[in-house]
Amino acid sequence: GLSPRPPSMARQGSGAMLASGGLGFPPQNLARVVVWEWLNEHGRWRPYSAAVCHHIENVLKEDARGSVVLGQVDVQLAPYVIDLQSMHQFRQDTGTMRPVRRNFYDPSSAPGKGIVWEWENDNNSWTPYDMDICITIQNAYEKQHPWLDLSSLGFCYLIYFSSMSQMNRQTQRKRRLRRRMDLAYPLTMGSIPKSQSWPVGTSTGMPCSCPQCLLVNSTRAASNAILASQRRKLYPGAVRQSSTFAGTALWPVGTGTAAVTGGTAKGEGLQLPGGAFAPSQSVPGGTPLPGLNNLNRPGTQRGAGLGARATVPPGVPALPVKNLNGTGPVHPALAGMTGILMCAAGLPVCLTRAPKPILHPPPVSKSDIKPVPGVNGICRKTKKKHLKKSKAPEDVVRRYIQKVKNPPDEDCTICMERLVTSSGYEGILSHRGIKPELVGKLGKCGHMYHLLCLLAMYNNGNKDGSLQCPTCKAIYGEKTGTQPPGKMEFHLIPHSLPGYSNSKTIRIVYDIPTGIQGPEHPNPGKKFTARGFPRHCYLPDNEKGRKVLKLLIVAWDRRLIFTIGTSNTTGESDTVVWNEIHHKTEFGSNLTGHGYPDPNYLDNVLAELLAQGVSEANLKD
């Protein structure tokens, strides 16, 4: 790549840490910045804010096996409690668990200085980067690098410090980013004993009976029953029962018990607008976040506490937990305020598992599968790209621009230098015949840039002979992608999608095998994986649905549907991922957001195809 990658691009914060079941601790007699992080459903560790981390550390000093009520420092986190013994975050109104960890970074890094890097999401709110990315950006910023390539961290983005922007290398889409000062994260010195070595004290005192403590303790009782059950399954006979927390006996055993059954949990993270899960970040300007109850997201935690028993405080009625559908376990939700109040009022509280998405239609016989009317064939295959002996990059750039002799005194939006001065890439990139002060105007849209900047942008892309204006996204030439070889099938099935009861359904089946990355991919010569194939996708069989299918076939032929990168779901790198053209993979429901009904989907996907240069004009060719 073109980017001057700083020598400190290695992942930061690789100090000792434990994801669950114990606290991490730094090396002996070494100062470290402490950042507490929680695991979201995409497998990424998201940092709590510095203020929340200070609060957790203060509680940790007082009671190393206690609970941290996050609402005491951030009102937006009112439902959340961290149990330091099990190293899990709990949401009190639902009983949801998420792992947390205590991570350590160098005091001279961004968190030690109170520096936060954020990107602007689609709702014009600011989302903080993960801590390792924040540290990498700050390192490059301090070394005065003009730009930074994040591909070494598994992200297809370029950071431009002159324009304070982030650009997607595949789509050329830019977002603003900002650097702001906040409270520095807490500093710790020397070693901290492992949690396993902390003594468990005893006390005959009764616990506090205020509603907040009641919720905290009942949540912890349920969660620890699950964790104890998990340990019993893994190590039969090796785990002794304990009812003590924070050095205090919780309640006398036998004063009232409730049967708790464990199962799949639904996780709730606080989702800022734009989809970034950052439970500790507030929106700038004091804009309130959406209601917490609307932020339910599928979680990653599994509870396996079948038949476990959890103690409850005296005077609190047992919370009946029933499985209404009669199949499989349900997650214990002993902690909900609503449940406790309903139970106290003598009302039954019945909990069932969250509904599961309906991913596939009922079985279809081969005789019922028909071709899609108006669409030729039922299958398209792509083979390995034969790299054309394409024209030199400078020839491609010159093909689409007209030279400007007297450029206006405006910014070049690629390097953010004035057009009347030399390109910001002077000294980084040099090509014979292209001087750094030369300016060109794109033919269709008329936007002007330094020729050297356009050349840098082209060299950083797919080098397929096309250009895309970074300002208005106008495409010059035919844009192609880096989709690996595979097969696309499409046909009609005699079932209807929710919201399209009068139409049959178009089913698309994509199948891509594993293989070796080519020169156009992130790591040429390295193996790539292809998870979850064949992938089934669905469209309504109506006029607009058939138009979308025809355009998806064009996009497939141009290798634009998939690419090779890092999975947002699993965090795995060098794997086949979707490439910004959304598909519906959920047939009979819309629990994941990838299903029906969705009245705006067809229009949205047409706009996404247009952004890739695929339009109705291509169907007439």
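Me: Which residue does Arg180 form a salt bridge with?

Reply: In this predicted model, Arg180 forms a salt bridge with Glu118, and the closest N and O atoms of the two are 3.1 Å apart. Arg180 lies in strand β12, which covers residues 174-181, while Glu118 lies in strand β7, so the pair ties together parts that are 62 residues apart in sequence.

Me: And are those two buried or exposed?

Reply: Arg180 is partly exposed, with a relative accessible area of 22%, whereas Glu118 is buried, with a relative accessible area of 2%. As background, side chains of opposite charge can pair when their charged atoms come close.

Me: How many salt bridges does the structure hold?

Reply: The structure holds 24 salt bridges. One of them is between the side chains of Arg558 and Glu478, at 3.7 Å from N to O. Arg558 sits in the loop between α8 (543-557) and β33 (562-565), and Glu478 sits in the loop between β27 (475-476) and β28 (486-493), so this pair ties together parts that are 80 residues apart in sequence. Arg558 counts as buried, at 10% relative accessibility, while Glu478 counts as partly exposed, at 46%.

Me: What about Arg546, which residue does it pair with?

Reply: Arg546 forms a salt bridge with Asp541, and here the closest N and O atoms are 2.7 Å apart. Arg546 is partly exposed, with a relative accessible area of 23%, and Asp541 is buried, with a relative accessible area of 13%.

Me: Which residues do salt bridges with shared partners join into one network?

Reply: That network is made of Glu118, Arg178, Arg180 and Asp182, so it takes in the Arg180 and Glu118 pair that we began with.

Me: Switching topic, how many disulfides are there?

Reply: The structure holds 0 disulfides. Cys453 is in none, and the nearest cysteine sulfur to Cys453, that of Cys415, is 3.6 Å away. Two cysteine sulfur atoms would have to be within 2.5 Å to count as a disulfide. Cys472 is in no disulfide either, with the sulfur of Cys469 as its nearest cysteine sulfur, 3.7 Å away.

Me: OK, now helices. Which residues of α9 are buried?

Reply: Helix α9 covers residues 601-611, and its buried residues are Tyr601, Leu602, Val605, Leu606 and Leu609. They cover an arc of only 135° around the axis, which puts them on the same side of α9.

Me: Why would residues a few places apart point the same way?

Reply: An α-helix has 3.6 residues a turn, so residues three or four places apart point the same way.

Me: What covers that buried side, and what comes just after the helix?

Reply: The cover over the buried residues of α9 includes β32 (535-540) and α8. Just after α9 comes Gly613, which takes a positive phi of about 85°.

Me: Which residues are buried in α6?

Reply: In α6, which covers residues 393-400, the buried residues are Glu394, Val396, Val397 and Tyr400. They cover an arc of only 160° around the axis, which puts them on the same side of α6. These buried residues pack against β23 (401-403), β24 (439-442), α7 (451-459), β26 (467-468) and β27.

Me: Zooming out, how many residues are in the largest nonpolar core?

Reply: The largest nonpolar core has 41 residues, and those with the most contacts inside it are Trp36, Tyr48, Ile56, Leu70, Tyr129 and Ile137. Elements that each supply at least two residues of this core include β1 (32-39), α1 (50-62) and α3 (131-142). Another core, of 40 residues, lies apart from it, and among its residues are Ile493, Ile508, Tyr510 and Leu560.

Me: And the protein as a whole, how many helices and strands, and what share is buried?

Reply: The protein has 9 helices and 34 strands, and 48% of its 621 residues count as buried. Among contacts with a separation of 6 or more, 68% are between residues 24 or more positions apart. The accessible surface comes to about 28700 Å², and 53% of that belongs to carbon and sulfur atoms.

Note on methods:
Residues are numbered from 1 along each chain as its sequence is written. This is a predicted model: local features need pLDDT of at least 70, side-chain atom pairs count only at pLDDT 80 or more; totals for chains, interfaces and linings use all residues. Side-chain values use heavy atoms; hydrogens and water are left out. Helices (H or I, at least four residues) and strands (E, at least two) are DSSP runs, numbered from the N terminus. Buried means under 20% relative accessible area, exposed over 50%, partly exposed in between (1.4 Å probe, protein chains only). Contact means heavy atoms within 4.5 Å. Accessible areas come from the Shrake-Rupley method with a 1.4 Å probe; for residues, only the protein chains shown count as cover. A nonpolar core is a set of buried Ala, Val, Leu, Ile, Met, Phe, Trp, Tyr and Cys residues joined through side-chain atoms within 4.5 Å. A salt bridge is a side-chain nitrogen of Lys or Arg within 4 Å of a carboxyl oxygen of Asp or Glu. The arc is that of the directions from the helix axis to the C-beta atoms.
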